[in-house]
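Subject: Structure handover

Hello,

Here is the structure we talked about. Please open it first, then read the notes below.

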Amino acid sequence: MTKQQFLNELNRLLGQIPEGERKDILSDYEAHIDSAIENGKTEEEAVADLGSPKTIADELGVFVATDKLSGSKKETTTNVGPNIFAFLGMLLFNLIFILGPVVGVAGAFIGLYAAAFACLITPVAFIINLFTHDTPILLAFFLILATFSFGYLFLLVTNFLAKWFLKLIHWYWKLNVKIVKGSN
Amino acid sequence: MNVQFKKGALELCVLVFTLKKDRYGYELVHSISDKIQIAEGTVYPLLRRLTNEGYFATYLAESNEGPPRKYYQLTKAGREYLEQLVQEWQQFSASVNEIIEEGMD
């Protein structure tokens, strides 16, 4: 591939990048090829050592996407309009669709924890029972063991689910922040 | 070599090469491709990202031959980032070496 072919191809692949930035990128590669030739490479070699325009465009694509994101973040201070709308929109959406279920699920977790706690303290009742009534000691022992293990397992499972629930909320919160900050 | 692995190392190398003196694109890329096999073109997107993130400042300077060259200068933030990367790298490679030594005995 000649230098011109390489630059044309790269230019085509970077079509969605604004012209100023695209020219800047192309000039980096042009200067590189020129320097490589000055240092004794043939044009063909200099171009081949760069790798394919496709690989370069892929690499740039990622960065360009992140640049856009950080660029719009910077704009938030000057360009407040769309962000207020995004913010109000998200607020309304969250109040109507998200808040209810979240409170519901949180309530369910309180219930689950209460149930687990109840199971865990049931053995106390059995122990008291041992003194006040003449319950067979083996039966009491097994009941204590059973309710306590069940309660403990229950607590573990609830804890696990609660952790995921919190993670989900955290993720959703970050998503909200991202939408409000980067909505241009 | 593993691509992600190479990318991380490449970032480190680029920053190290600019620590003592400012470098222009070709110089930087060439000094790396001399030692590590890479597609030279992939270094420029990296330089761009590091510049956008404020680790590099760029300026143009005249050269004896041909048009002015774009130089990359490590910023204060870049130097701090480099120090952090070097530390992470040394810990990481020390651990890997340890594992290799233990495993190859």
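A residue is called buried when its relative accessible area is under 20%, exposed when over 50%, and partly exposed in between. By that cut-off, 25% of the 184 residues in chain A are buried. Please keep in mind that this is a predicted model.

**Chain A overall**

Chain A has six helices and zero strands. Its pattern along the sequence is α-α-α-α-α-α. Take the contacts in chain A between residues at least 6 apart in sequence: 74% of them join residues at least 24 apart. The accessible surface of chain A is about 12,100 Å². Carbon and sulfur atoms account for 74% of that surface.

**The annotated spans of chain A**

An unreviewed UniProt entry marks residues 84-103, 110-131 and 137-162 of chain A as "transmembrane region". That annotation may be inferred rather than shown by experiment. In the model, residues 110-131 of chain A are 100% helix and 0% strand. The end C-alpha atoms of that span are 33 Å apart. Residues 137-162 of chain A are also 100% helix and 0% strand, with end C-alpha atoms 37 Å apart.

A:Leu92 sits in helix 5, residues 81-132 of chain A. A:Leu92 has a relative accessible area of 54%, so it counts as exposed.

Helix 6 of chain A covers residues 137-181 and holds A:Ile179. A:Ile179 is partly exposed, at 34% relative accessibility. Leaving out residues up to four places away in sequence, A:Ile179 touches A:Ala86 and A:Met90. A:Leu143 is 36 residues from A:Ile179 along the chain, and their C-alpha atoms are 53 Å apart.

At the other end of the numbering, A:Lys3 belongs to helix 1, residues 3-13 of chain A. A:Lys3 is buried because its relative accessible area is 15%. Beyond its neighbours within four places in sequence, A:Lys3 contacts A:Glu30, A:Ile33, A:Asp34, A:Glu43 and A:Val47.

**Chain B**

The UniProt record (unreviewed entry) places "domain: Transcription regulator PadR N-terminal" on residues 19-84 of chain B. In the model, that span is 42% helix and 21% strand. Its end C-alpha atoms are 14 Å apart.

Helix 2 of chain B, residues 25-33, is mostly covered, with seven of nine residues buried. Among them are B:Tyr26, B:Glu27, B:Leu28 and B:Ile32.

B:Glu80 is in helix 4, residues 76-104 of chain B. B:Glu80 is partly exposed, at 47% relative accessibility. B:Glu80 and B:Glu65 are 15 residues apart in sequence, yet 34 Å apart from C-alpha to C-alpha.

**Salt bridges**

The count is 17 salt bridges over all chains.

Start with B:Lys70, in strand 3 of chain B, residues 69-74. Which residue does B:Lys70 form a salt bridge with? The partner is A:Asp24, with the closest N and O atoms 3.8 Å apart. This pair crosses between chains, with A:Asp24 in helix 2 of chain A, residues 19-38. B:Lys70 counts as buried because its relative accessibility is 19%. A:Asp24 is partly exposed, at 31%. The side chain of B:Lys70 also makes a polar contact with the side chain of A:Asp28, at 3.2 Å. A network of salt bridges links B:Lys70, A:Asp24 and A:Asp28 with A:Glu21 and B:Arg48. Apart from its neighbours within four places in sequence, B:Lys70 has contacts in both chains, including A:Asp24, B:Arg23, B:Tyr24, B:Thr58 and B:Leu60.

Next, A:Lys41 and B:Glu40 form a salt bridge through their side chains, at 3.6 Å from N to O. This pair also crosses between chains, and each residue lies in the loop between helix 2 and helix 3 of its own chain. A:Lys41 is buried, at 19% relative accessibility. B:Glu40 is buried too, at 4%.

Last, the side chains of B:Arg49 and B:Glu53 form a salt bridge at 3.5 Å, N to O. B:Arg49 is buried, with a relative accessible area of 19%. B:Glu53 is partly exposed, at 41%.

Best wishes

Methods: Residues numbered from 1 in each chain as written. Chains lettered and ligands numbered in written order. Predicted model: local features only at pLDDT ≥ 70, side-chain atom pairs only at ≥ 80, totals over all residues. Heavy atoms only, no water. Helix = DSSP H or I, 4+ residues; strand = E, 2+ residues; numbered from the N terminus. Buried < 20%, exposed > 50% of the residue type's maximum accessible area, 1.4 Å probe, protein only. Polar contact = N/O pair within 3.5 Å; in protein donor to acceptor, adjacent residues only side chain to side chain. Contact = heavy atoms within 4.5 Å. Areas by Shrake-Rupley, 256 points an atom, 1.4 Å probe, with all protein chains shown as cover. Salt bridge = Lys/Arg side-chain N within 4 Å of Asp/Glu carboxyl O.
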